[in-house]
Amino acid sequence: MTARTGRGDMVLAAGLAMVAAALVWKFELIRRTYFRQDDFMFIARGLEQGLTWDYLMRIDWGHLMPAPFAIHWAMGRLGVYNDVLAHAVTVSLLAAAGLAVLRLLRVLFGSRPAILLPLGFYLLTPMTLPSTVWWAVVVEILPFQTALAMALSSHVLYTRTRRFQHALAAAGWTVFGMAFFVKAPFIPVLALVLTLGWLNRSGTRRIWLLYAAVLVPYTVIFFRQLFTTVQLTNVTFEPALPSAGVAAGTAWKLLTGSLVPASLGGPWNWQPIGDDYALGAPPAALMWAAGAAAAVAVALSVRHRRRAWLAWTMLLGYVLLADVVPIWLGRAAQLGADLAGFELRYVSSTAVLVTVVIGLAFIPVAGEERPWLRPPPSWSRRAWAPVAAVVAAGSVWSVTAFGALPLGRNVEGYVETARVALARAPSGSVVLDTYVPAKVAEPIFFYQYARVSTVLGPLAPGPVNWTERLSGPVGAPLMFDAQGRLNPVDLDGVTVPAGASCTPVGADEVVFPLPEPLPGDEWTVRVAYLNGAETTLVVRLGGSQAEVRAGRDLGVTYATVSGAGSELALRTIGGAGACVGEIKAGKPVPAENGTPVPARPALP
């Protein structure tokens, strides 16, 4: 065994150990995560539909992702919210991405100890946190990162060997990436820049034809689906740029508040968004210090390393075209510069490219002639250790600070408590179809996909009668509380007490003054009755009325009316009269004096 071969084996072993150690470290974070927000919508859509072309090729706010949709479809049929399976998939995808990046660094730069520095950056950087803790992001970005690293590795091998199998592999990994993430079409662009700067350009015509053969049909399909897919808002996509101020602010903050700090171990501090997620919130002093450090690193590399300027230009161009422009066209106007600019999810997919650029800026490519413009200063060989230590320490600090959040515990507690409640509910129970808490899925974003029937309905072992509004003589209706328990329904509003005996109601309206007027809104009215025969009640509030059935003997009936007023009016139609007791009007709420099921949340 030669010394070079032995050193290469040691570097490979060290790289594999680093990947394994990173997986062990991140597993503690992964196992505490749970499904959140978009995850429930995607799994619910998968349960609603078959594995069809229309389902897979639907574009969700600019994202064409048939493979993630297929995974969500399968997840819904493998336990619905099977977090153990999700964690296993996440760890597997993290391992695949880490190994792919290690392979790319070895292929591009050779199996030299210097590649362990950019590998360590990729394994530690907080930039990848969103693709570790959020299921919907995991199944988009981690496969893309794997595809990017594997495609570039195969591309490099093709330029060196001219073996067509490597060209096919590069194109195949590009197609694989396209199935998962909308930024995958940039892989051939990055391969082109890499070729122009550091690889052998002669005789590569076949691979560019292959790339064109996959890019053209993808582009046709993407834009056709983009402008025909109906979004949750019942409109098709209409690209529109935000104001110049928001556009500039978003780009600036994404660079200086997310990309640069995360590349140097930041953001060090977080702004929680609910219990289970957070935006980067780098302290101003550290943000400016990170910017200064990045400027020094760029300047030093450009001064000493041949074509380092091209590496940094490639990174900047990718960030502007693949990260910033989609945000401008899609969400910047709604989110604003701060929410969009400090969201690490928008640069999470860029971590592999940053890793490669760090290598290109400071490490000669394998076989590269005259890699240096001028010899690196002697102190540079000693400077990397403290710099790497500071960045690593900052990364560990940032990830640990993120891990201090409750993460998925509260959402998991709600869902698992609801699972128990539905298992114990009598078959055919009537459950009010309200919205789940915002911590689970925000109704303002997900509409019908944030309703309890959609999120929790798949957990029910037996039939459940879901209703958005109570109408008629509903027996013992139930509703979920904020903890996921089923409770009897009460009304929060006003009460007209029953008299000494029930009040007869016939074809002529009987007016019941309310203790206080009800403002304009949708109100649920509950009327207790004792009838000699079944009849129909007409309940009127202001100019709005509803007809509901009232049964024979003792019971209650519900009506939903939209209006305002200081009195309720009742009458009957159909001949038979009614005799009414207590009347309540208000908003449905879980009864405070009821017995919730289960008595305690499933998770302490």
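The structure is a predicted model, in which local features need pLDDT of at least 70 and side-chain atom pairs count only at pLDDT 80 or more, while totals for chains, interfaces and linings use all residues. Residues are numbered from 1 along each chain as its sequence is written, and side-chain values use heavy atoms, with hydrogens and water left out.

The protein chain has 20 helices and 14 strands, these being DSSP runs numbered from the N terminus (helices: H or I, at least four residues; strands: E, at least two). Along its principal axes, the C-alpha trace of the protein chain spans about 100 × 50 × 45 Å. Of the 604 residues in the protein chain, 52% are buried, where buried means under 20% relative accessible area, exposed means over 50%, and partly exposed lies in between (1.4 Å probe, protein chains only). The accessible surface of the protein chain comes to about 25900 Å², with 63% of it belonging to carbon and sulfur atoms; such areas come from the Shrake-Rupley method with a 1.4 Å probe, and for residues only the protein chains shown count as cover.

Among contacts in the protein chain with a separation of 6 or more, 78% are between residues 24 or more positions apart, a contact meaning heavy atoms within 4.5 Å. As for charge, the mean positions of the 46 positive and 36 negative charges of the protein chain are 21 Å apart. In this count Lys and Arg are positive and Asp and Glu negative, with His and the chain ends not counted, and the place of a charge is taken as NZ of Lys, CZ of Arg, CG of Asp or CD of Glu.

The largest nonpolar core has 143 residues, and those with the most contacts inside it are Tyr 81, Leu 360 and Phe 480. A nonpolar core here is a set of buried Ala, Val, Leu, Ile, Met, Phe, Trp, Tyr and Cys residues joined through side-chain atoms within 4.5 Å. Helix α8 (residues 135-161) gives the most to this core, with 16 residues. Apart from this core lies another, of 24 residues, among them Phe 512, Trp 523, Leu 541 and Leu 568.

Leaving aside neighbours within four places in sequence, Leu 360 is in contact with Leu 108, Phe 109, Leu 194, Trp 198, Arg 305, Ala 311, Met 314 and Val 365. Helix α5 (residues 83-109) has 27 residues and reaches 38 Å from its first C-alpha to its last, close to the 39 Å expected at 1.5 Å a residue, the expected span being 1.5 Å times one less than the number of residues. After α5 comes Gly 110, whose phi is positive, near 90°.

Positive phi values also occur in residues other than glycine. Arg 307, in the loop between α13 (284-304) and α14 (308-330), has a phi of about 65°, and Arg 307 is partly exposed at 24% relative accessible area. Tyr 447, in the loop between α19 (443-446) and α20 (452-455), has a phi near 50° and is likewise partly exposed, at 35% relative accessibility.

Two cis peptide bonds can also be located. The bond from Gly 266 to Pro 267 is cis, with omega near 15°, and Pro 267 is found in the loop between α12 (244-263) and β3 (270-272). The bond from Val 597 to Pro 598 is cis, with omega near -5°, and Pro 598 is found in the segment after β14 (578-590).

Within helix α12 lies Gly 249, which is buried at 16% relative accessibility. Gly 249 and Gly 341 are 92 residues apart in sequence and 7.6 Å apart in space, C-alpha to C-alpha.
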